[in-house]
Amino acid sequence: MPLLEIKDMTVGYGRIEALHGISLSVESGELVTLIGANGAGKTTTMRAISGVRPLTRGSIMFDGQDITRMKAHLRVLAGIVQAPEGRGVFPGMTVQENLDMGHYARKFANKAEYQATLDHVFELFPRLKERRAQMGGTMSGGEQQMVAIGRALMARPRLLLLDEPSMGLAPMIIQQIFRIVSEINATGTTILLVEQNAQQALSRSDRAYILETGEVVKSGPGPELLADPAIKEAYLGVA
Ligand SMILES: Nc1ncnc2c1ncn2[C@@H]1O[C@H](COP(=O)(O)OP(=O)(O)OP(=O)(O)O)[C@@H](O)[C@H]1O
Ligand SMILES: [Mg+2]
(Lines give C-alpha, C1' and ligand atoms only; values in the text may rest on other atoms or scores of the structure.)
(Ligands and ions follow the chains in the order given, each with its own letter.)
Protein backbone atom coordinates (compact mmCIF):
# COMPACT_ATOMS: atom_id res chain seq x y z
CA MET A 1 0.00 0.00 0.00
CA PRO A 2 1.46 3.41 -0.98
CA LEU A 3 1.93 6.00 1.76
CA LEU A 4 0.12 8.55 -0.41
CA GLU A 5 -2.36 7.67 -3.11
CA ILE A 6 -4.22 10.27 -5.13
CA LYS A 7 -6.95 9.15 -7.50
CA ASP A 8 -8.65 11.17 -10.18
CA MET A 9 -8.16 14.45 -8.33
CA THR A 10 -9.80 17.58 -9.68
CA VAL A 11 -9.10 20.93 -8.05
CA GLY A 12 -10.18 24.38 -9.12
CA TYR A 13 -10.14 28.03 -8.21
CA GLY A 14 -13.65 29.34 -8.60
CA ARG A 15 -14.75 28.31 -12.07
CA ILE A 16 -11.23 27.66 -13.29
CA GLU A 17 -10.22 24.02 -13.08
CA ALA A 18 -6.47 23.76 -12.40
CA LEU A 19 -6.19 19.96 -12.09
CA HIS A 20 -8.28 17.74 -14.34
CA GLY A 21 -8.34 14.39 -12.60
CA ILE A 22 -4.75 13.50 -11.76
CA SER A 23 -3.63 10.26 -10.15
CA LEU A 24 -0.31 9.73 -8.44
CA SER A 25 1.19 7.78 -5.60
CA VAL A 26 4.20 7.91 -3.32
CA GLU A 27 5.54 4.77 -1.68
CA SER A 28 6.96 4.89 1.80
CA GLY A 29 10.64 5.86 1.62
CA GLU A 30 10.50 7.26 -1.89
CA LEU A 31 11.65 10.60 -3.24
CA VAL A 32 9.11 11.52 -5.91
CA THR A 33 9.26 14.67 -8.01
CA LEU A 34 6.60 16.65 -9.84
CA ILE A 35 7.92 18.40 -12.92
CA GLY A 36 5.98 20.83 -15.06
CA ALA A 37 5.94 24.24 -16.67
CA ASN A 38 4.62 27.36 -14.94
CA GLY A 39 0.91 27.03 -14.29
CA ALA A 40 0.85 23.26 -14.81
CA GLY A 41 -0.72 22.72 -11.40
CA LYS A 42 2.21 21.64 -9.23
CA THR A 43 1.55 24.02 -6.35
CA THR A 44 -2.16 23.27 -6.56
CA THR A 45 -1.36 19.58 -6.16
CA MET A 46 0.71 20.32 -3.05
CA ARG A 47 -2.06 22.52 -1.63
CA ALA A 48 -4.61 19.77 -2.16
CA ILE A 49 -2.38 17.24 -0.39
CA SER A 50 -1.72 19.53 2.56
CA GLY A 51 -5.43 20.33 2.74
CA VAL A 52 -5.50 24.05 2.04
CA ARG A 53 -7.34 23.58 -1.28
CA PRO A 54 -10.44 21.36 -1.51
CA LEU A 55 -10.97 18.69 -4.16
CA THR A 56 -13.97 18.89 -6.43
CA ARG A 57 -13.55 15.25 -7.44
CA GLY A 58 -11.36 12.30 -6.57
CA SER A 59 -9.69 11.08 -3.41
CA ILE A 60 -6.53 11.23 -1.35
CA MET A 61 -5.48 8.29 0.81
CA PHE A 62 -2.67 8.61 3.34
CA ASP A 63 -1.35 5.52 5.06
CA GLY A 64 -4.54 3.65 4.23
CA GLN A 65 -6.82 6.38 5.55
CA ASP A 66 -9.12 8.51 3.40
CA ILE A 67 -8.05 12.11 4.09
CA THR A 68 -9.86 13.72 1.16
CA ARG A 69 -11.89 15.94 3.47
CA MET A 70 -9.58 16.08 6.46
CA LYS A 71 -8.69 19.55 7.77
CA ALA A 72 -5.18 20.81 7.09
CA HIS A 73 -4.04 20.92 10.74
CA LEU A 74 -5.13 17.33 11.25
CA ARG A 75 -3.06 16.28 8.25
CA VAL A 76 -0.05 17.90 9.91
CA LEU A 77 -0.74 15.84 13.02
CA ALA A 78 -0.96 12.75 10.80
CA GLY A 79 2.50 13.56 9.42
CA ILE A 80 1.93 15.44 6.18
CA VAL A 81 4.14 18.49 6.52
CA GLN A 82 4.81 21.10 3.87
CA ALA A 83 7.74 23.47 4.04
CA PRO A 84 6.05 26.86 3.63
CA GLU A 85 5.50 28.10 0.09
CA GLY A 86 7.94 30.83 -0.83
CA ARG A 87 9.95 30.10 2.35
CA GLY A 88 7.54 31.81 4.75
CA VAL A 89 10.05 32.24 7.55
CA PHE A 90 8.75 34.30 10.47
CA PRO A 91 10.97 37.38 10.08
CA GLY A 92 10.64 38.68 13.65
CA MET A 93 11.43 35.36 15.27
CA THR A 94 14.86 33.88 15.78
CA VAL A 95 15.99 30.85 13.83
CA GLN A 96 15.51 28.75 16.96
CA GLU A 97 11.97 30.06 17.48
CA ASN A 98 11.17 29.36 13.83
CA LEU A 99 12.32 25.77 14.25
CA ASP A 100 10.36 25.36 17.48
CA MET A 101 7.16 26.47 15.70
CA GLY A 102 7.53 23.44 13.44
CA HIS A 103 7.85 21.13 16.39
CA TYR A 104 4.83 22.51 18.26
CA ALA A 105 2.72 22.18 15.10
CA ARG A 106 2.65 18.43 15.69
CA LYS A 107 2.05 18.73 19.43
CA PHE A 108 4.89 16.52 20.59
CA ALA A 109 5.42 16.65 24.31
CA ASN A 110 8.50 14.48 24.53
CA LYS A 111 11.64 16.44 25.43
CA ALA A 112 14.05 13.74 24.28
CA GLU A 113 12.31 13.54 20.93
CA TYR A 114 12.53 17.30 20.57
CA GLN A 115 16.25 17.30 21.29
CA ALA A 116 16.94 14.41 18.90
CA THR A 117 15.00 16.13 16.13
CA LEU A 118 16.76 19.44 16.74
CA ASP A 119 20.14 17.68 16.69
CA HIS A 120 19.23 16.06 13.38
CA VAL A 121 18.23 19.42 11.88
CA PHE A 122 21.44 21.06 13.11
CA GLU A 123 23.44 18.18 11.66
CA LEU A 124 21.83 18.75 8.27
CA PHE A 125 22.17 22.53 8.57
CA PRO A 126 25.18 23.50 10.68
CA ARG A 127 24.57 27.09 9.56
CA LEU A 128 21.28 27.14 11.47
CA LYS A 129 23.03 26.02 14.62
CA GLU A 130 25.54 28.85 14.30
CA ARG A 131 22.76 31.35 13.62
CA ARG A 132 20.10 30.08 15.99
CA ALA A 133 19.80 33.46 17.75
CA GLN A 134 19.61 35.47 14.50
CA MET A 135 16.27 36.92 13.36
CA GLY A 136 14.71 34.88 10.57
CA GLY A 137 14.14 37.95 8.43
CA THR A 138 17.83 38.82 8.38
CA MET A 139 18.93 35.41 7.08
CA SER A 140 19.98 35.23 3.41
CA GLY A 141 17.67 33.67 0.82
CA GLY A 142 19.44 30.33 0.94
CA GLU A 143 19.57 30.37 4.72
CA GLN A 144 15.84 31.14 4.89
CA GLN A 145 15.18 28.12 2.71
CA MET A 146 17.18 26.07 5.22
CA VAL A 147 15.05 27.49 8.05
CA ALA A 148 11.88 26.60 6.12
CA ILE A 149 13.01 23.01 5.53
CA GLY A 150 14.36 22.73 9.06
CA ARG A 151 11.07 23.95 10.50
CA ALA A 152 9.17 21.32 8.50
CA LEU A 153 11.59 18.63 9.71
CA MET A 154 11.02 19.66 13.32
CA ALA A 155 7.47 18.34 12.88
CA ARG A 156 8.97 14.90 12.12
CA PRO A 157 7.09 14.49 8.84
CA ARG A 158 6.13 11.10 7.51
CA LEU A 159 5.61 12.81 4.18
CA LEU A 160 7.55 16.00 3.50
CA LEU A 161 6.18 18.30 0.79
CA LEU A 162 8.68 20.68 -0.80
CA ASP A 163 7.51 23.18 -3.41
CA GLU A 164 10.50 24.48 -5.36
CA PRO A 165 13.02 24.73 -2.55
CA SER A 166 15.69 25.86 -5.01
CA MET A 167 13.72 28.80 -6.38
CA GLY A 168 15.69 32.01 -6.64
CA LEU A 169 18.89 30.60 -5.20
CA ALA A 170 22.41 30.75 -6.61
CA PRO A 171 23.69 27.59 -8.33
CA MET A 172 25.99 26.63 -5.47
CA ILE A 173 23.23 26.94 -2.90
CA ILE A 174 20.88 24.97 -5.19
CA GLN A 175 23.42 22.14 -5.20
CA GLN A 176 23.53 22.23 -1.44
CA ILE A 177 19.73 22.19 -1.11
CA PHE A 178 19.49 19.19 -3.45
CA ARG A 179 22.15 17.33 -1.50
CA ILE A 180 20.24 17.97 1.70
CA VAL A 181 16.94 16.86 0.16
CA SER A 182 18.61 13.59 -0.87
CA GLU A 183 20.08 13.21 2.60
CA ILE A 184 16.72 13.80 4.31
CA ASN A 185 15.24 11.12 2.08
CA ALA A 186 18.15 8.75 2.71
CA THR A 187 17.63 9.06 6.46
CA GLY A 188 14.09 7.75 6.10
CA THR A 189 11.73 10.61 5.25
CA THR A 190 9.40 10.17 2.29
CA ILE A 191 9.43 13.25 0.08
CA LEU A 192 7.24 14.73 -2.61
CA LEU A 193 9.19 17.47 -4.34
CA VAL A 194 8.15 20.06 -6.90
CA GLU A 195 11.02 21.32 -9.02
CA GLN A 196 11.69 23.36 -12.13
CA ASN A 197 15.27 22.26 -11.95
CA ALA A 198 14.48 19.06 -13.85
CA GLN A 199 18.02 17.78 -14.41
CA GLN A 200 18.91 17.79 -10.72
CA ALA A 201 15.52 16.64 -9.54
CA LEU A 202 15.13 13.73 -11.96
CA SER A 203 18.64 12.41 -11.37
CA ARG A 204 17.96 12.27 -7.63
CA SER A 205 14.36 10.97 -7.68
CA ASP A 206 13.12 7.43 -7.42
CA ARG A 207 10.21 8.37 -9.62
CA ALA A 208 8.72 11.46 -11.19
CA TYR A 209 5.47 12.69 -12.68
CA ILE A 210 5.29 15.16 -15.53
CA LEU A 211 2.39 17.57 -15.21
CA GLU A 212 1.07 19.51 -18.21
CA THR A 213 -1.86 21.93 -17.89
CA GLY A 214 -3.42 20.05 -15.03
CA GLU A 215 -2.84 16.53 -16.26
CA VAL A 216 -0.22 13.86 -15.66
CA VAL A 217 1.23 13.17 -19.08
CA LYS A 218 4.08 10.87 -18.11
CA SER A 219 5.58 9.13 -15.10
CA GLY A 220 8.41 6.76 -14.40
CA PRO A 221 11.78 6.34 -12.67
CA GLY A 222 13.68 9.64 -12.50
CA PRO A 223 16.74 8.49 -14.47
CA GLU A 224 14.50 6.96 -17.15
CA LEU A 225 12.64 10.22 -17.66
CA LEU A 226 15.95 12.05 -17.70
CA ALA A 227 16.93 10.00 -20.76
CA ASP A 228 13.59 10.52 -22.52
CA PRO A 229 14.12 12.67 -25.66
CA ALA A 230 10.73 14.42 -25.38
CA ILE A 231 11.43 15.35 -21.77
CA LYS A 232 14.93 16.48 -22.60
CA GLU A 233 13.54 18.81 -25.19
CA ALA A 234 10.69 20.17 -23.07
CA TYR A 235 12.31 20.42 -19.65
CA LEU A 236 16.05 20.18 -19.97
CA GLY A 237 16.58 22.66 -22.76
CA VAL A 238 18.33 20.21 -25.06
CA ALA A 239 16.99 18.70 -28.28
N1 LIG B 1 -5.35 31.48 -6.01
C2 LIG B 1 -5.62 31.24 -7.29
N3 LIG B 1 -6.72 31.75 -7.88
C4 LIG B 1 -7.00 31.50 -9.18
N5 LIG B 1 -6.26 30.73 -9.98
C6 LIG B 1 -5.16 30.19 -9.46
C7 LIG B 1 -4.77 30.41 -8.09
N8 LIG B 1 -3.63 29.74 -7.84
C9 LIG B 1 -3.31 29.13 -9.01
N10 LIG B 1 -4.23 29.39 -9.97
C11 LIG B 1 -4.20 28.90 -11.35
O12 LIG B 1 -4.14 27.48 -11.33
C13 LIG B 1 -3.26 27.00 -12.33
C14 LIG B 1 -2.17 26.14 -11.69
O15 LIG B 1 -1.38 26.96 -10.85
P16 LIG B 1 -0.23 26.40 -9.93
O17 LIG B 1 0.18 27.48 -9.02
O18 LIG B 1 -0.68 25.13 -9.33
O19 LIG B 1 0.90 26.09 -11.01
P20 LIG B 1 2.42 25.65 -10.81
O21 LIG B 1 2.61 24.43 -11.61
O22 LIG B 1 2.74 25.59 -9.38
O23 LIG B 1 3.19 26.85 -11.51
P24 LIG B 1 4.60 27.56 -11.14
O25 LIG B 1 5.65 26.70 -11.74
O26 LIG B 1 4.52 28.88 -11.82
O27 LIG B 1 4.69 27.66 -9.65
C28 LIG B 1 -2.73 28.23 -13.06
O29 LIG B 1 -3.48 28.42 -14.23
C30 LIG B 1 -2.98 29.36 -12.07
O31 LIG B 1 -3.20 30.57 -12.72
MG1 LIG C 1 4.08 26.60 -8.13
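The second largest pocket holds about 210 Å³ of space. A pocket here, on a 1 Å grid over the protein atoms alone, is an open set of points where a 1.4 Å probe fits, with protein on both sides within 12 Å along at least five of seven lines; lining residues have an atom within 4 Å of a point. The volume is the space filled by probe spheres set on the points, which are joined across faces, edges and corners.

Two housekeeping remarks. This is a predicted model, where local features need pLDDT of at least 70 and side-chain atom pairs count only at pLDDT 80 or more, while totals for chains, interfaces and linings use all residues. Residues are numbered from 1 along each chain as its sequence is written, and side-chain values use heavy atoms, without hydrogens and water.

The lining of this second pocket includes Thr117, His120, Arg156 and Thr187. By class, it has two nonpolar, six polar and two charged residues. Domain 1 (1–79 + 160–239) and domain 2 (93–156) each supply at least three of the lining residues; the bounds come from an automatic or database domain assignment.

Now the largest pocket, at about 370 Å³. Its lining has 20 residues, and Val76, Val81, Gln82, Ala105 and Arg151 lie nearest the centre.

Notes. Chains lettered and ligands numbered in written order. Nonpolar A, V, L, I, M, F, W, Y, C, P; charged D, E, K, R; others polar.
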